[in-house]
Amino acid sequence: MAERSSQARTRRRFVRRQWARRWVVLRYVAVAALLLGAVGLGVYALYFSSWLRLEGASVAGNSQLTEEEVLAAADVPTGDALVGVDLDAIKTRVKSLTAVQSVDVSREWPHDVHIEVHEREPIAIVPEGPAYVFLSDTGDTFTYGGMPKQPPSSLPVVKVASDADRFALQEAADVVASLDPAVAKLVDHIEVDTADEIRLALGDDRIVEWGSADLSEEKARVLLDLLDARPDAGTYNVSVPSLPTTS
């Protein structure tokens, strides 16, 4: 009798151990199923559902460009899964606008992208036939849809030779940016042949041979001294400021 009772207890312990082992296995299976379900739901939500689709875009940082111009260039693929939208492609398209110096594009969950533009600042006017473009401090020229019909009179005019290269424009921009206010107010326009052949045309038909943008501050000081000393001269050459000449 005692032996049978002992065998029964042994069987019950065995059964409990078996169920315990099975429960551990079932628990891992259940956890794995839940994880797979969560991953599957996440993949579905991100790529296949309408919950996280791209519906539009917001624009910031624009003052010259209109929001419509930026959005037209961005060509945001509405209806696509937001997670898969090619932000670099949007950035490249927006940068094709010449008034844009740089741009940042980011996702705004759950349904939008945000476009932050950094526009070029005009420092001068460059005539192009009957029209004109703006010159930025980097030597780039640009336009935008809402440009005034008449160029702003507050900006200097830079006349560029037809064969002047990109480097010449950069030098011209550097000259404009470094002009002493006392000199700038005397200038009617700036003529650019090459990077080393830049002239200032003063409002009274006098010419200043400026050369390149190098030593512009020193050139400005020398020029002001020459204008006081030789007001009757027609040409002032300060391209080598240590050896200025007049004629």
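Helices (H or I, at least four residues) and strands (E, at least two) are DSSP runs, numbered from the N terminus. The model is predicted: local features need pLDDT of at least 70, side-chain atom pairs count only at pLDDT 80 or more, and totals for chains, interfaces and linings use all residues. Residues are numbered from 1 along each chain as its sequence is written, and side-chain values use heavy atoms, with hydrogens and water left out.

View A. Beyond its neighbours within four places in sequence, R120 is in contact with residues including Q64, V100, S136, D140 and F142 (contact: heavy atoms within 4.5 Å).

**View B. Packing of helix α2 (residues 67–74) on helix α3 (residues 87–95).** The axes are 7 Å apart and the angle is about 125° (lines fitted to C-alpha atoms over the stretch in contact; angles run from 0 to 180 degrees between N-to-C directions). V70, A73 and A74 of α2 meet I90, R93 and V94 of α3 in this contact.

**View C. The cis peptide bond from W109 to P110.** Omega is near 10°. P110 belongs to the loop between β2 (100–108) and β3.

**View D. Positive phi at D205 and L215.** D205, in the loop between β9 (197–202) and β10 (207–211), has phi near 70°. With a relative accessible area of 72%, D205 is exposed. L215 lies between β10 and α6 (216–229), also in a loop, and its phi is near 60°. L215 is exposed at 52% relative accessible area.

Key: Buried means under 20% relative accessible area, exposed over 50%, partly exposed in between (1.4 Å probe, protein chains only).
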